Amino acid sequence: MPSIDDVTNTPDELSDDDATELFEEADLVQDMMGEVCPYPQVEAKKGLQQLESGDLLVQETDHVPCTENVPRAVGDDADAKVWRSGDATYRIYLRKR
Amino acid sequence: MVLSTLLVAALVGTALGAFLQKGRFCFVNAFRDFFAYKDSRVTKGVLAATLLTMVFWGIAYQFGYYQTFWTPQWGLTGLVGGFIFGIGMTYAGGCASGTLYRAGEGYLQFWLTLLCMGIGYAAFTVAFPTLDSTYFAALTVGEGVSLFTVTSIPAGLLGVGVAIVALLGYATLVGRASTTAEFGERADVAQLHLGALRAPVIGLRQFARGTATYARGLARAWRTPIAASKQPWDPRTAALGITAAAVLWFTQHSIVGVTGPEARWTGYLLSQVGVEANSFEYWGSVLFQGQGVDVTVDMVMIAFVIVGAFLAAVWSGDFAVRVPKRRRLPNAVVGGLLMGAGSRLAPGCNIGNIYSGIAELSVHSFIAAVGIVAGVYVMTHWIYREVGCAI
């Protein structure tokens, strides 16, 4: 059972420039537009299983809760960063550990 | 309907919709993610809302500021209907309240889910006379009751007492988890025994620390109210707002329900296109209680939940018309049908039975809540079958 303290632990947000730059490095891009929970979580876990340590997985999504739930779901398997476009689309960057 | 009643319904509905949207207050998320990877952020929000509402409803009831409880007959129908509803909401990716606020956020998928829930209500209504004499007759055990009304303990005190017991139980679980981690695998029996005694204390201390951190965060957010209001909120903040709206509703109308009013909307909308909804026993005498098929105050409230979610989503930059992937259509159709039928078979949805039902200490809802959570558990394991669940 996790402690109540980890509520505040939301992923870091990327600036627009960093998000664009980092996106070009992606080893795997998953199109999750139009998908809702929990499928992006399941796909992220499956995607990371195919990747090597240090590889970058990027999910593109329009489902707000995914920005928190996907990083949670992969847990210690990857370092997560999030980019919010400001018009209801989001990218989740997962660097496999 | 009197104008003031309508205004209260609009206010409560808008507030509920906005708080649900801001807190991403999703009951599927609360249980599914807890089972799948022990994420309890939303679970805590749901617990906080339920317990706080229970305390304030108990107090309101004790001092006579209430209208009615919702206490259906109890029995195995709660388990069966609840289980079907739990399967449905996990597959659909949104519970009764989640479907409403996501409809307001612009998800076409959840408008389709709503439509299919309507088909579920209509199918149940057609089958009701048969179900009443077979399914309900066989599985119903006794008259429904709220524990607030049958004990000699003052309701306010009972609410506070149950909340304290729940908090201690929670603290023990949290405390035990952290002491086990501290001792590691080499812990001997004596240490573990000591740990069991210390667990509630450690848990309470963690709870106090967590609540203090949360309160500081909230105070910080108040300094920049406009910017903070656009950010996603902690589910516990949403829980506070939902409680306030639910207490107002309880003093003016009843408990908060979602699928009952939705089933009435289905009957009303069908009656507008020429269907004799009133001649069906379930709509005519059960849902509309012989008052005729018309718009009732709780139907107005539920409609405003969508409005509130829409306004909050536009304000936060989260609104967009979202077109689902074609492979997700079965989730909306099958999930919606199961939620529609399951909520009538129980009867009640996650809001009626988990949030409101536990908060009003209804015997029926205790059973139905178990059914719903069991349904979520089974369906979560099925969806996560390739990657595995934590619990």
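1. In this predicted model, strands 4 and 5 of chain A form a hairpin with five residues between them, and A:Gly86 in the turn has a positive phi of about 95°. Strand 4 covers residues 78–84 and strand 5 covers residues 90–96. Helices (H or I, at least four residues) and strands (E, at least two) are DSSP runs numbered from the N terminus. The two strands pair in the antiparallel sense over seven bridges, where pairing requires that DSSP finds at least two bridges between the strands. A:Trp83 stands opposite A:Arg91 in strand 5 of chain A.

2. Residues are numbered from 1 along each chain as its sequence is written, and chains are lettered from A and ligands numbered from 1 in the order in which they are written. Because the model is predicted, local features need pLDDT of at least 70 and side-chain atom pairs count only at pLDDT 80 or more, while totals for chains, interfaces and linings use all residues.

3. Strand 4 of chain A also pairs with strand 1 (residues 12–13) of chain A, in the parallel sense over two bridges. The bridge partner of A:Glu13 in strand 4 is A:Val82. Five of the seven residues of strand 4 of chain A are buried, so this strand is largely enclosed by the rest of the structure. A residue is buried if 20 or more other C-beta atoms lie within 10 Å of its own, exposed if 12 or fewer, and partly exposed in between, with C-beta atoms placed from the backbone.

4. Helix 3 of chain A (residues 66–74) has nine of its nine residues buried, so it too is largely enclosed by the rest of the structure. Among them are A:Cys66, A:Glu68, A:Arg72 and A:Val74. The buried residues of this helix pack against strand 2 (28–32), helix 2 (39–50), strand 3 (56–61), strand 4 and strand 5 of chain A, and also against helix 2 of chain B. Just after the helix, A:Gly75 takes a positive phi of about 55°.

5. An unreviewed UniProt entry carries the annotation "domain: UPF0033" for residues 31–96 of chain A. Over residues 31–96, chain A is 32% helix and 33% strand, with the end C-alpha atoms 18 Å apart.

6. The contact between the chains takes 25 residues from chain A and 39 residues from chain B; two residues are in contact if their C-beta atoms, placed from the backbone, lie within 7 Å. On the side of chain B that touches chain A, the elements giving two or more residues are helix 2 (27–37), helix 3, helix 8 (155–183) and helix 9 (189–223) of chain B. Helix 9 of chain B gives the most, with seven residues.

7. Chain B has 17 helices and two strands. For its 391 residues a compact globule would have a radius of gyration near 21 Å, and chain B agrees, with 21 Å. This radius is taken over C-alpha atoms, and the globule rule is 2.2 Å times the number of residues to the power 0.38. Buried residues make up 51% of chain B.

8. The largest nonpolar core has 129 residues, of which A:Ile92, B:Phe19, B:Ile242 and B:Ala309 touch the most other members. Such a core is a set of buried Ala, Val, Leu, Ile, Met, Phe, Trp, Tyr and Cys residues joined through C-beta atoms within 7 Å. Helix 3 (residues 41–62) of chain B gives the most to this core, with 12 residues. Not counting residues up to four places away in sequence, B:Phe19 touches B:Phe25, B:Ala238, B:Gly241, B:Ile242 and B:Ala245.

Definitions and conventions. UniProt positions are given in the numbering used here, feature names are shortened, and annotations may be inferred rather than shown by experiment.
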